[in-house]
Structure formats: C-alpha cells, structure tokens
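This briefing is for a reader new to the structure. It covers domains, aromatic pairs, charges over rings and nonpolar cores.

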Amino acid sequence: VPMVAPGNVQVHVLNSTLAKVHWDPVPLKTVRGHLQGYKVYYWKVQSPSRRSRRHVEKKILTFRGNKTFGMLPGLEPYSSYKLNVRVVNGKGEGPASPDKVFRTPEGVPSSPSFLKITDPTLDSLTLEWGSPTHPNGILTSYILKFQPINNTHELGPLVEIRIPANESSLILKNLNYSTRYKFYFNAQTSVGSGSQITEEAVTIMDE
C-alpha cells in the first residue's frame, strides 16, 4: 500500500452545502504501485449531547487519477465537519492526512414542523406551531401572513406579522366573524426565509 499521506490539505467552503478540498500530490515513488486516485473521508462532528445516540457516519468520495482537488456536495448548513485525504493504489489506501476541521455557514431553515389553528371565536383564532426540524442556523423570527377568502374564493388583503423566534403560539384578534382565512407561515435565519406551510381556518358565525 502507499507509504505517505497527501500533504497541505486545504478546505474552501463555498456556501452552506458545498466545499472544495485541495491537496498536494504524493511523490509517485511513495505510491508503490499504480496510482488509482485519492479518497476524501469526511464526516459531521456531533455535538457532545448527541454523540452517544448514533454512530458517526463517514462519507467517502473517490477522485480518480492524479487529481489534486475535489468538491464535497450535500453538506448540512451550520455544521462542523472533519475530513482527511488518502492516496489509493491497486493494493489499497495509504495513511490518512491529519484531520482538517471546517464549518459550513448558516442556510435557510426548513419549514416549521407544524401549524395548528384552534379555539375559533367570533373574532379570534389561536395559532400553535413547531420549530423547523432543520433550522440550519439560528432562527431570527417567524413570518405569518394571512388573508380572508370570500365565498367566490377571492383573496382579500394580505396582512404580515413578524413573530419572535422563541414564541410557539399566538392569538390573532380583531378578525371578521364567520370568515375563512388562509395562513402562510415560515421561519427565518439571518440568511433568509425558509419554505412556508399553509393552513386555512374559519372564525365562528355570529351567535
């Protein structure tokens, strides 16, 4: 198997899900056989609280021939990763380069995990929601938009409310009685808005 590890491993994080890794080629005489390529091993660094729950899954990308760089796609935003590089010949892999740590920046969050509308009264509705499964950063706020829908399915004026990120419910007051409303709800990080979920609900009729 090869004798030495690739040197001078460098990682350039391009965005929240993509990084580029560079390395110096090993001297050909140390390959001790036919140079097949380089393998990049990379894995997400678990936070201490989650480490015991599941085994860290290492991912491997193979770059054929004498390439000295490669792309790592499909990374998770706002995460720490480690990687190392090994040279490969027909017999197997050489030693790993020292682990390199890199961090991906924040991305936009996934949609809130649920939006539930309860307790209709004449002029109010109660909204409850769950935080996104993948916040992909630090949540800064939620954005709620809503508008009335009339009997011919025409949409009325859109109202927008910004809600602090630590809230999980809201009572909407001063609504019209016996009116159907459509709600659009999403979460935000400093990078931008995530995908929204929609719900509809009706205030109760005049008693």
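The domain assignment, which is automatic or from a database, divides the chain into domain 1 (7-103) and domain 2 (112-202). Taken over C-alpha atoms, the centres of domain 1 and domain 2 are 43 Å apart. The model is predicted: local features need pLDDT of at least 70, side-chain atom pairs count only at pLDDT 80 or more, and totals for chains, interfaces and linings use all residues. Residues are numbered from 1 along each chain as its sequence is written, and side-chain values use heavy atoms, with hydrogens and water left out.

**Aromatic pairs**

- The whole structure holds 9 aromatic pairs; rings of Phe, Tyr and Trp (its six-membered ring) pair if their centres lie within 6.5 Å, and planes under 30 degrees apart count as stacked, over 60 as edge-to-face and the rest as tilted.
- Trp 23 and Phe 63 make a tilted pair, with 6.0 Å from centre to centre and 45° between the planes.
- Because Trp 23 is in strand E2 (residues 18-24) and Phe 63 in strand E4 (residues 59-64), their pair ties together parts 40 residues apart in sequence; strands are DSSP runs (E, at least two residues) numbered from the N terminus.
- Both Trp 23 and Phe 63 are buried, that is, under 20% relative accessible area (1.4 Å probe, protein chains only).
- Phe 146 and Tyr 181 make an edge-to-face pair, at 6.1 Å centre to centre and 65° between the planes.
- Phe 146 belongs to strand E10 (residues 141-149) and Tyr 181 to strand E13 (residues 180-188), so this pair ties together parts 35 residues apart in sequence.
- Phe 146 and Tyr 181 are both buried.
- Trp 23, Tyr 38 and Phe 63 are linked into a cluster by ring pairs.

**Charges over rings**

- The charged end of Lys 58 sits over the ring of Trp 43, 4.1 Å from its centre; the criterion is NZ of Lys or CZ of Arg within 6 Å of the ring centre and within 35 degrees of the ring normal.
- Arg 103 lies over the face of Tyr 78, 4.9 Å from the ring centre.

**Nonpolar cores**

- The largest nonpolar core has 19 residues, and those touching the most other members include Val 21, Trp 23 and Phe 102; such a core is a set of buried Ala, Val, Leu, Ile, Met, Phe, Trp, Tyr and Cys residues joined through side-chain atoms within 4.5 Å.
- Strand E1 (7-15), E2, strand E3 (37-44) and strand E6 (80-88) each supply at least two residues of this core, and E6 gives the most, with 4 residues.
- A second, separate core of 17 residues includes Trp 129, Tyr 142, Phe 146 and Ala 201.

Conventions
Buried means under 20% relative accessible area, exposed over 50%, partly exposed in between (1.4 Å probe, protein chains only).
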